[in-house]
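User: I'm new to this one. Can you walk me through its pockets?
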Amino acid sequence: MKLSQELIIYGQPVQSRLLIGSALYPSPEIMKQAILASESKIVTLSLKRQNPAEQSGAKIWQYIQDIVKESQGFLLPNTAGCKTAKEAVTLAKMSREIFQTDWIKLEVIGDDYNLQPDPIELLTATEQLLNDGFKVLPYCTDDLVICQRLYDLGCQVIMPWASPIGTGKGLMNPYNLETIRLRLPNATLILDAGIGKPSDACLAMEMGYDGVLLNSAVALADNPVLMAKAFAQAVTAGEQGYIAGMMQQRQTAHPSTPTLETPFWHQQG
Amino acid sequence: MKFFINGQAITIATESANIIIALQHYLTPEQHQQSFAVALNGNFIGKTDYQHTDVNQGDSIDLLFPIQGG
């Protein structure tokens with residue numbers, strides 16, 4: 001599979017393969033510094049009830065708008081917290097009105113313990129939203145059949161998890177993820193959730209994934225700004241490694257240094 | 001009539017209202033300038049439909065604002 005020169009989201013070229021969340025940072029200012037340091041061009045955010053008398057939400061929203069303006073990036077609203085297709089569709093429509101984008105990171109959670117997506121509700125919501133003109137970026141498990149169904153419905157972008165949200169466990173099932181890449185060569189695949197360290201992101205890119213979406217790994221680092229830079233470099237390293245074409249593994253050792261004319265060579269016989 | 005906004009019960013003297021009137025009982029004029037979106041009984045209501053959408057006894061309005069997210 002040939003990786004496109006840049007990340008393409010429903011026809012929109014994006015100058016970074018790292019997508020980043022805006023939650024859990026120690027402060028809004030650190031959030032801003034970290035997101036800018038990541039060089040990401042896509043920032044995720046959400047909608048929630050809140051007391052309108054509290055100004056904190058409005059300030060965060062202003063920060064995020066400033067970040068996206070400064071980075072010349074894009075907003076990617078999510079449907080976090082939704083458990084049914086109906087809830088997710090309603091929230092997606094509310095997001096489209098506020099954020100003026102038809103991109104939606106579609107999350108429909110089926111299990112509270114590990115925040116695993118509900119595949120049935122996810123497919124239902126995806127179909128409704130695509131029919132309503134949304135450009136759906138569905139968050140799903142690393143199940144090939146679900147990914148295939150989402151692709152068949154018309155999703156150009158699919159986002160299987162590495163592991164449950166916020167766990168930092170990295171790529172639980174590399175075989176599954178490689179299989180999805182192999183079987184859906186024309187889908188834009190973004191690894192979403194569960195990434196804990198830069199090498200996780202690098203590994204996904206080495207598999208030929210088109211991008212990586214993460215939040216906690218940066219926001220919960222001791223130094224989020226430095227970690228954001230590390231992830232930016234890891235994504236680039238993995239991407240370039242994939243493009244460069246990696247050597248095949250071999251079962252036995254092969255000397256790197258030529259053995260011909262080796263001094264003190266032990267001649268047989 | 002009693003209805004709910006974000007779970008908070010609101011009682012008004014009239015028997016009917018539209019979304020605009022309902023929100024006036026929850027938001028100050030300054031808060032009204034914030035970015036928000038509305039759902040009535042779980043269904044999205046676009047801003048252009050506020051005027052024409054009735055709020056009835058027992059209805060539930062969700063008023064959502066942008067926040068950080070992953």
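**Pocket linings**

User: What do the residues lining the largest pocket divide into: how many nonpolar, polar and charged?
Analyst: They divide into 12 nonpolar, 12 polar and four charged. Ala, Val, Leu, Ile, Met, Phe, Trp, Tyr, Cys and Pro count as nonpolar, Asp, Glu, Lys and Arg as charged, and the others, Gly among them, as polar. This is a predicted model, where local features need pLDDT of at least 70 and side-chain atom pairs count only at pLDDT 80 or more, while totals for chains, interfaces and linings use all residues. Residues are numbered from 1 along each chain as its sequence is written, chains are lettered from A in the order in which they are written, and side-chain values use heavy atoms, without hydrogens and water.

User: Which residues lie nearest the centre of that largest pocket?
Analyst: A:Glu107, A:Ile165, A:Asn215, B:Gly69 and B:Gly70, out of 28 lining residues. On a 1 Å grid over the protein atoms alone, a pocket is an open set of points where a 1.4 Å probe fits, with protein on both sides within 12 Å along at least five of seven lines; lining residues have an atom within 4 Å of a point.

User: Now the second largest pocket. What volume does it have?
Analyst: About 380 Å³, a volume being the space filled by probe spheres set on grid points joined across faces, edges and corners.

User: Which residues of H6(A) are buried?
Analyst: A:Leu177, A:Thr179, A:Ile180 and A:Arg181, where buried means under 20% relative accessible area (1.4 Å probe, protein chains only).

Definitions and conventions: Buried means under 20% relative accessible area, exposed over 50%, partly exposed in between (1.4 Å probe, protein chains only). Helices (H or I, at least four residues) and strands (E, at least two) are DSSP runs, numbered from the N terminus.
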